[in-house]
Amino acid sequence: MRRVLILGGGTGGTLLANLLARRPFDVTVLSASDAHLFQPSLLYAALAGASPRLTRPERRLLSRRVRLVRDTAVRVDLRAKRVRTASGSVYESDALVVATGARAAPAQIPGLSETAARFGNYHSDVAAALRLRAALDAFRGGTIAVGQASPICVCPPSPAEGVFLIDRLLRRRGLREKTRLVFFTPYPRPYPAAAIDALVAPRLRALGVEVRTVFDVESVDPATGTIRSLEGDELRCDLPVIVPPFAGAAIEYEPADVLDEDRFLAADKATLRLKGVDDAYAIGDAAALPTSKAGVGAHLQAKVVAAELTGKPAAFDGRTHCPFDLGDGTGVFVTSSYSARAVPCRPRRLNLWMKKLMPRVYWLSLSGLLEPIFDAYFALTAPQAAPAPPAPAPPREPAAR
Amino acid sequence: MPPEAETHRRIDSRGEACPGPITDLALAYRRAKDGDVLELWATDPGVRSDVRAWAERTGSELLSVEDRDGAIVSVLRVRRRRP
Ligand SMILES: Cc1cc2nc3c(=O)[nH]c(=O)nc-3n(C[C@H](O)[C@H](O)[C@H](O)COP(=O)(O)OP(=O)(O)OC[C@H]3O[C@@H](n4cnc5c(N)ncnc54)[C@H](O)[C@@H]3O)c2cc1C
């Protein structure tokens, strides 16, 4: 039986294993953690006082036909399909799929690890989310600065969702009047994609949130709450809520050039095959693809690789479908694909309910049993390919001085 | 110690819709040194106004924006206010 080794038992790896388990494959999932975290619930655990079950045992999410090994991959020879782990074991297979996700990498920015240790964040783990919740519970007024430290961020709506939910929390607690709320971003506008910004910027204005654009975090001083930007600006706050930069897993690869500077893997954007090696793929946040890092992508990419491995050619179309809580009781889905720019649907209560339903549906979705429903849903909500209008031939612009 | 040589880096964001090009540019800016030249190739027309706003705010010099081989090519020189 053909052996498939999947590195990482997260959203993509777990679904892929279960899809392959129904076929004649010998499937092994090698995962650093046996507790599977539903990452989107970190947002509500930290910022809305919710206490859903954030994790489930990975073993229970996998088909009985799938072998689960709890260990951390440290060296991967992609050509030989050989994986060495932290415990010293070696695994070999006929096909290899890397699904090790993205990890928060606060050490990239001076002072950010200390800041996260003290104030937490809602992008790394349950403990950090609970630290942030405690910091918000202790907050009695002053300045809160919310934003993303670097352009690499999982789930593009999450930084703006953070500021909307914090605004809401402060209003509920009667603290909004006593708080200066600042939102910073490395982009030239509050929301990276222009079409979505049309929904976000006016809302921030209406809520009295101060916005600092083109603010790339250079360093943070947790002792004084000072955030400095590469552009030379400075922001002082009492509570920094900073989305950390992200990087790929600390795995050494052979050949080494499959990795980019942030340790994400160069995969074909449609087939997800790793460049330059056979029978090796990368899916989900671990892959360097020109689309957002989100669970929806990991899910759809797992399906593509499952089809590819069964000999049916398939292609990932770059689809995103990110639920976005606008903090006012409504939500939108941000949808895009390689051929369609990010557009929002109309803000509705229903969209928010669907987002709130996701924690329940998620665990079941990993079984692969809901695929017919997902197929129909994604087809129904597919973004209209809106190719960029042909660029008008402008006069040559003089060199700006 | 003599300063490190300035580098010229080409960033290919062709085929990526907004905010792909500006994301790639912001990432390259993070890694650039004062004086480095970044050449951004993009096909999304939104890049014209984004690059201009971005250059102004980061204090970088926008050396040129032109159409080349079906792409919009912007050339910028990074200026660090705090080198
Ligand atoms: C606050 C927040 C909100 C979000 N909201 C949404 C949302 O609303 N919608 C959406 O679609 N997405 C959302 N996301 C993003 C989504 O959770 C991720 O994109 C998704 O989980 C990626 O799946 P993955 O399979 O690539 O990686 P992951 O699910 O992160 O899984 C990676 C797995 O690899 C394992 N691993 C790592 N390194 C190694 C190693 N060296 N060896 C072995 N195993 C390893 C890990 O233990 C983990 O099990 C959100 C994320 C956050 C943080």
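**Where the pieces meet**

Modeller: Chain A and chain B bury about 2,900 Å² between them, and 49% of that area lies on carbon and sulfur atoms; buried area here is the accessible area, found with a 1.4 Å probe, that two parts lose on being put together, summed over both. This is a predicted model, in which local features need pLDDT of at least 70 and side-chain atom pairs count only at pLDDT 80 or more, while totals for chains, interfaces and linings use all residues. Residues are numbered from 1 along each chain as its sequence is written, chains are lettered from A and ligands numbered from 1 in the order in which they are written, and side-chain values use heavy atoms, with hydrogens and water left out.

The contact (heavy atoms within 4.5 Å) takes 40 residues from chain A and 33 residues from chain B. Six salt bridges cross the interface of chain A and chain B, a salt bridge being a side-chain nitrogen of Lys or Arg within 4 Å of a carboxyl oxygen of Asp or Glu. One of them joins A:Arg341 to B:Asp44, with the closest N and O atoms 3.7 Å apart. Between chain A and chain B there are also nine residue pairs in polar contact, both residues being at pLDDT 80 or more; a polar contact is a pair of N or O atoms within 3.5 Å, where, within protein, one must be able to donate a hydrogen and the other to accept it, and residues adjacent in sequence count only if both atoms are side-chain atoms. On the side of chain A that touches chain B, strands β14 (217-221) and β15 (226-229) of chain A each supply at least two residues, strands being DSSP runs of E with at least two residues, and helices runs of H or I with at least four, numbered from the N terminus. By class, that side of chain A has 24 nonpolar, four polar and twelve charged residues, where Ala, Val, Leu, Ile, Met, Phe, Trp, Tyr, Cys and Pro count as nonpolar, Asp, Glu, Lys and Arg as charged, and the others, Gly among them, as polar.

A:Leu42, A:Leu43 and A:Leu47 supply 38% of the area that domain 1 of chain A buries against domain 2 of chain A, more than any other three residues.
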